[in-house]
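Have a look at the model first, then read on.

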Amino acid sequence: MIPASFDYARPDSVETALAALAAGGEDAKVLAGGQSLVPLLRLRLAYPSVLVDLGGVSELRGVRDDGDALVIGAMTTHYEVMTNALVREHAGLLAEATGTVADPAVRHRGTFGGSLAHGDPAGDLPAVALAYGAQMVIAGSGGRRTVEAADFFVDYLQTAVGPDEVLVEVRVPKLGAGWGHHYEKFHRTAQAWALVGVAALVRRSNGSIAEARVGLTNMGTTPLRASAAEAALAGVDASAAAVASAADHAADGTSPSSDLHAQSDYREHLARVLTRRAVASAAGL
Amino acid sequence: MSTVPISVTVDGQRYESDVEPRQLLVHHLRDGLGRVGTPIGCDTSNCGACTVLLDGKSVKSCAVLAVQTDGRSVTTVQGLANGTWHPVQQAFHAEHGLQCGYCTPGMMLAAVDLLTENPNPTEAEIRDGLEGNLCRCTGYQNIVKAVQAAAVAMQAEGAAR
Ligand SMILES: Cc1cc2nc3c(=O)[nH]c(=O)nc-3n(C[C@H](O)[C@H](O)[C@H](O)COP(=O)(O)OP(=O)(O)OC[C@H]3O[C@@H](n4cnc5c(N)ncnc54)[C@H](O)[C@@H]3O)c2cc1C
Ligand code: FES
Ligand code: FES
């Protein structure tokens with residue numbers, strides 16, 4: 001279908017983008033890579049009055065090394081993230097998970113910031129940001145503020161980014177040596193969207209698991225940490241049996257949705273199985 | 001109805017146009033510029049039939065607004081041949097990489113992008129690289145064979161130069 005009419009602004013800085021959003025009023029919307037928004041426009045599920053295209057704001061693009069963290073501009077594309085040398089070195093889980101997002105053509109357009117700001121619980125990168133404990137920098141008329149990943153994802157398609165705000169960049173802490181990672185997802189063949197996905201970061205020391213962080217994709221209206229499984233993993237022997245019994249707690253406290261492709265109890269089953277695989281792989285087992 | 005002036009190079013030719021912001025790139029190519037080699041296969045940006053190259057990189061032209069391509073360069077299937085067919089076109093022909101042909105323009109442009117990135121892909125890498133392009137006819141076997149043949153041909157061509 002052809003989208004409904006809207007006006008178009010193409011600012012070249014964050015400040016002019018914020019001004020364009022303010023001038024556009026309630027129904028103004030940011031356009032990033034368009035890989036979620038343009039299909040919604042085509043299906044006439046979104047009716048913005050004006051689209052503020054961030055494609056011309058060059059300061060929002062790229063990855064920089066900030067000592068103990070990488071700073072990734074919101075408009076950095078999935079393709080740029082997964083091929084970036086700094087990301088591959090210091091945020092391997094993010095590079096790996098980004099490589100499973102959609103397909104090459106979508107990854108050439110879709111952006112890291114767009115995936116987070118969209119707040120789709122089936123998106124792969126929110127759970128990764130949560131596992132890293134990433135920080136989101138949001139700009140608004142009152143200046144910039146930093147929001148922890150744990151507070152960023154509010155509800156289904158709802159994040160801490162207000163309608164007149166712009167997600168500017170994301171700080172991903174460097175975890176340093178000793179950490180392994182793996183992203184494991186289960187999806188239908190024709191579509192890369194996760195039925196369930198599990199993002200695991202594991203630090204081993206002296207034959208045991210010192211710390212594990214497990215992010216869950218599509219196990220609720222927001223990404224979640226599998227806290228019970230994380231607690232059960234802390235300090236256990238790095239063995240397949242210990243990981244399997246901790247992973248049995250991966251769905252504790254979740255209430256995933258049921259849809260055409262998976263009932264909620266099947267999603268819970270997937271969370272346990274995928275957590276076992278993701279943690280075992282991240283622990284080098 | 002307000003329009004925005006854009007200047008886009010399509011298959012080597014520059015076009016100055018006034019487009020509505022809501023116009024999708026694929027509609028601009030087909031209805032605005034009469035370049036109907038790029039088909040539309042779905043309403044959800046899933047099928048990949050509309051794949052073109054934007055500054056050399058594959059994109060789904062139904063998920064890009066025409067205004068977003070101002071100042072940039074688009075290659076469609078109609079720009080692949082250069083006097084003779086592109087090696088990817090020759091290989092799809094020789095290996096019977098199509099049946100109805102609906103997915104073929106997008107499939108070939110995704111293959112060009114894949115081979116630019118990775119000139120010597122494994123079978124698994126080919127299937128992965130074409131994951132955004134759906135074919136309802138072939139079962140993909142001959143498409144994979146065509147891309148393998150094109151890879152060999154393009155490497156030989158590169159070596160001969
Ligand atoms: C066929 C297909 C398959 C896909 N498969 C997957 C998949 O397997 N896994 C996955 O994770 N994703 C998948 N996606 C979605 C893809 O990752 C998108 O890139 C992503 O969801 C949105 O990013 P975008 O840059 O395209 O944002 P847009 O579509 O431009 O924007 C999305 C929303 O976020 C808002 N927004 C974007 N950027 C900002 C910002 N900087 N500040 C404030 N608001 C902002 C917009 O206003 C809009 O509401 C798929 C998409 C398609 C078309
Ligand atoms: S027409 Fe199906 S992806 Fe564009
Ligand atoms: S040849 Fe018919 S869809 Fe691919």
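## Two residues with positive phi

B:Y140 is found in the loop between α4 and α5 (141-160) of chain B. Helices here are DSSP runs of H or I with at least four residues, strands are runs of E with at least two, and both are numbered from the N terminus. B:Y140 isn't a glycine, yet its phi is positive, about 75°. Most residues other than glycine have a negative phi. B:Y140 counts as partly exposed because its relative accessibility is 28%; buried means under 20% relative accessible area, exposed over 50%, and partly exposed in between (1.4 Å probe, protein chains only).

B:D55 also has a positive phi without being a glycine, with a value near 45°. Look for B:D55 in the loop between β3 (51-54) and β4 of chain B. At 43% relative accessibility, B:D55 counts as partly exposed.

## A word on the model

This is a predicted model, in which local features need pLDDT of at least 70 and side-chain atom pairs count only at pLDDT 80 or more, while totals for chains, interfaces and linings use all residues. Residues are numbered from 1 along each chain as its sequence is written, chains are lettered from A and ligands numbered from 1 in the order in which they are written, and side-chain values use heavy atoms, leaving out hydrogens and water.

## Where chain B meets chain A

How many residues of chain B are in contact with chain A? There are 31, and they touch 32 residues of chain A, with contact meaning heavy atoms within 4.5 Å. About 2500 Å² is buried between the two chains, 54% of it from carbon and sulfur atoms. Buried area is the accessible area (1.4 Å probe) that two parts lose on being put together, summed over both. B:R22, B:D43 and B:Q68 supply 26% of the area that chain B buries against chain A, more than any other three residues.

The rule finds 2 salt bridges across this interface. A salt bridge is a side-chain nitrogen of Lys or Arg within 4 Å of a carboxyl oxygen of Asp or Glu. B:D43 forms a salt bridge with A:R42, with the closest N and O atoms 3.4 Å apart. On the chain B side, the elements giving two or more residues are β4 (57-60), α3 (104-117) and α4 (123-129). The largest share, 4 residues, comes from β4(B).

## A strand residue and a helix

B:S58 lies in strand β4 of chain B. With a relative accessible area of 3%, B:S58 is buried. Leaving aside neighbours within four places in sequence, its contacts include A:P104, A:A105 and A:H108, as well as B:D113.

B:D113 is one of the buried residues of α3(B). That helix is mostly covered, with 12 of its 14 residues buried. The end C-alpha atoms of α3(B) are 20 Å apart, which agrees with the 20 Å that its 14 residues should span at 1.5 Å a residue; the expected span is 1.5 Å times one less than the number of residues.

## Other salt bridges

Over all chains, the search finds 22 salt bridges. One of them joins the side chains of A:D124 and A:K185 (2.8 Å, N to O). This pair links distant parts of the chain, 61 residues apart: A:D124 sits in the loop between α7 (112-118) and α8 (125-132), and A:K185 in strand β11 (residues 179-187). Both A:D124 and A:K185 are buried.

B:R14 and B:E16 form a salt bridge too, with the closest N and O atoms 3.2 Å apart. Are these two buried or exposed? Both B:R14 and B:E16 are exposed.
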